[in-house]
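Here is a short briefing to read with the structure open beside you.

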Amino acid sequence: MSAPASTGAETEPVVTVWWAHRSLAAALDAGQLSDAERQRVARLRGVADRERSAVARGVLRLALASSFPDTAEFVIDWAHGPVLPSDLGTWASVSHSDDSVAVAVSAVAPIGIDVEAIRRTSDLVPAVQEAVFTAEERGELKALPAGERLPAALRLWTLKEAVLKSTGDGLVRAPSTLQVSGVAATPRLDRFDTREDLIGATQLFGLAPVVQPYRSPDDDDAPLLAAAPAAVGSYVASLAVLTNVPVRVIQRDAAELLV
């Protein structure tokens with residue numbers, strides 16, 4: 001687990017990102033999910049898909065339980081989000097890639113999170129970059145040292161997807177309709193077609209998670225419930241927060257929620 005990312009003073013509003021390995025599914029109580037969520041998980045064919053789906057839903061409900069009673073009764077719209085009940089004044093976003101699951105929760109403003117395995121850099125062939133990155137973004141990537149271009153391109157991808165998830169657009173909107181600069185340093189949103197109101201009112205954060213397989217705390221000698229932990233740098237993740245109010249981002253291990 002990487003050290004918490006801090007953006008400033010302790011008085012700043014907090015956005016919490018909970019990281020989990022899909023093996024955490026073995027420790028979750030099925031009763032923590034709604035009937036609809038359990039049915040959705042059961043319909044998925046692959047074991048890994050079922051684990052990731054169960055972990056995303058279970059961790060979100062556990063994270064909400066620290067602030068709200070009776071979270072099991074909440075109706076969460078997973079078809080368009082997750083979208084939480086509007087009277088909570090809280091927003092959430094989830095993402096997963098390979099063995100990692102990210103759940104972000106905010107009481108500040110709408111958020112979006114995206115995580116991708118570093119191995120996905122091989123998918124970002126020039127034709128893909130041409131379709132999703134603007135000419136300015138491609139120019140910024142080209143200016144980087146050759147060995148940094150593909151990882152930076154993956155970072156750019158996660159930044160753009162995080163923004164699109166925060167607005168509720170997802171990939172229904174073409175990624176090329178927004179532009180992000182400063183990918184290798186301090187990312188910022190420079191352009192978003194038809195959403196000029198978001199320029200200067202969106203904060204972007206690059207994250208570097210280290211996702212550990214779940215180990216039962218009841219047995220120090222118990223074997224890990226999954227393969228060896230991901231190495232540092234195995235994943236790239238980004239977070240978008242739709243506010244110009246400075247926020248502090250805290251990254252935590254979702255296994256803490258089981259205590």
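## Briefing on the predicted model

Threonine 194 is exposed, with a relative accessible area of 59%. This residue is found in the loop between β6 (188–192) and β7, and its phi is near 70°, a positive value in a residue other than glycine. Please keep in mind that the model you are viewing is predicted.

**The whole chain**

- The protein has five helices and nine strands.
- Starting at the N terminus, the order of the elements is β-α-α-β-β-β-α-α-α-β-β-β-β-β.
- How many of the 259 residues count as buried? The share is 47%.
- If you take the contacts between residues at least 6 apart in sequence, 65% of them join residues at least 24 apart.

**Helices α1 and α2**

- Helix α1 covers residues 35–43, and helix α2 covers residues 47–65.
- Their axes come within 8 Å and cross at roughly 160°.
- That angle is over 145°, the cut-off for roughly antiparallel, so α1 is roughly antiparallel to α2.
- The crossing of α1 and α2 is right-handed.
- On the α1 side, the contact is made by Glu37, Arg40, Val41 and Ala42; on the α2 side, by Arg50, Ser53, Ala54, Arg57 and Arg61.
- Sorted by class, the contact of α1 with α2 has three nonpolar, one polar and five charged residues.

- Glutamate 37 lies in helix α1.
- Is this glutamate buried or exposed? Glutamate 37 counts as buried because its relative accessibility is 4%, and the cut-off for buried is under 20%.
- The side chain of glutamate 37 reaches the backbone nitrogen of serine 34 at 2.9 Å.
- Leaving aside residues up to four places away in sequence, glutamate 37 touches Arg57, Arg61, Ile76 and Trp78.
- Among these partners, Arg57 and Arg61 also take part in the contact from the α2 side.

**Helices α4 and α5**

- Helix α4 spans residues 135–142 and helix α5 spans residues 146–166.
- The two pack at an angle of about 145°, with their axes 9 Å apart.
- The crossing of α4 and α5 is right-handed.
- From α4, the residues making the contact are Glu137, Leu141 and Lys142; from α5, they are Arg149, Ala152, Ala153, Leu156 and Lys160.
- The residues of the contact of α4 with α5 divide into four nonpolar, no polar and four charged.

**Leucine 204 in strand β7**

- Where does leucine 204 lie? Leucine 204 belongs to strand β7, which runs over residues 203–207.
- With a relative accessible area of 9%, leucine 204 is buried.
- Leucine 204 and leucine 159 are 45 residues apart along the chain, and their C-alpha atoms are separated by 7.1 Å.
- Not counting residues up to four places away in sequence, leucine 204 touches Leu159, Val163, Val180, Pro187, Arg188, Leu189, Leu239 and Ala240.

**The loop between β7 and β8**

- Arginine 215 lies in the loop between β7 and β8 (235–241), and proline 217 has its place in that loop too.
- Arginine 215 counts as partly exposed, at 41% relative accessibility.
- Proline 217 is exposed, with a relative accessible area of 61%.
- Which separation in space goes with the 189 residues between arginine 215 and alanine 26 in sequence? C-alpha to C-alpha, arginine 215 and alanine 26 are 10.0 Å apart.
- Proline 217 and alanine 255 are 38 residues apart in sequence, and C-alpha to C-alpha they are 9.6 Å apart in space.

**Aspartate 98 in the loop between β2 and β3**

- Aspartate 98 sits in the loop between β2 (91–97) and β3 (100–106).
- What is the phi of aspartate 98? The value is positive, about 50°, although aspartate 98 is not a glycine.
- At 27% relative accessibility, aspartate 98 counts as partly exposed.

How values were computed
Residues are numbered from 1 along each chain as its sequence is written. This is a predicted model: local features need pLDDT of at least 70, side-chain atom pairs count only at pLDDT 80 or more; totals for chains, interfaces and linings use all residues. Side-chain values use heavy atoms; hydrogens and water are left out. Helices (H or I, at least four residues) and strands (E, at least two) are DSSP runs, numbered from the N terminus. Buried means under 20% relative accessible area, exposed over 50%, partly exposed in between (1.4 Å probe, protein chains only). A polar contact is a pair of N or O atoms within 3.5 Å; within protein, one must be able to donate a hydrogen and the other to accept it, and residues adjacent in sequence count only if both atoms are side-chain atoms. Contact means heavy atoms within 4.5 Å. Axes are lines fitted to C-alpha atoms, for helices over the stretch in contact, and angles run from 0 to 180 degrees between N-to-C directions. Angles under 35 degrees count as roughly parallel, over 145 as roughly antiparallel, 65 to 115 as roughly perpendicular and the rest as oblique. A crossing is left-handed if the near helix is turned anticlockwise from the far one by less than a right angle, and right-handed if clockwise. Ala, Val, Leu, Ile, Met, Phe, Trp, Tyr, Cys and Pro count as nonpolar, Asp, Glu, Lys and Arg as charged, and the others, Gly among them, as polar.
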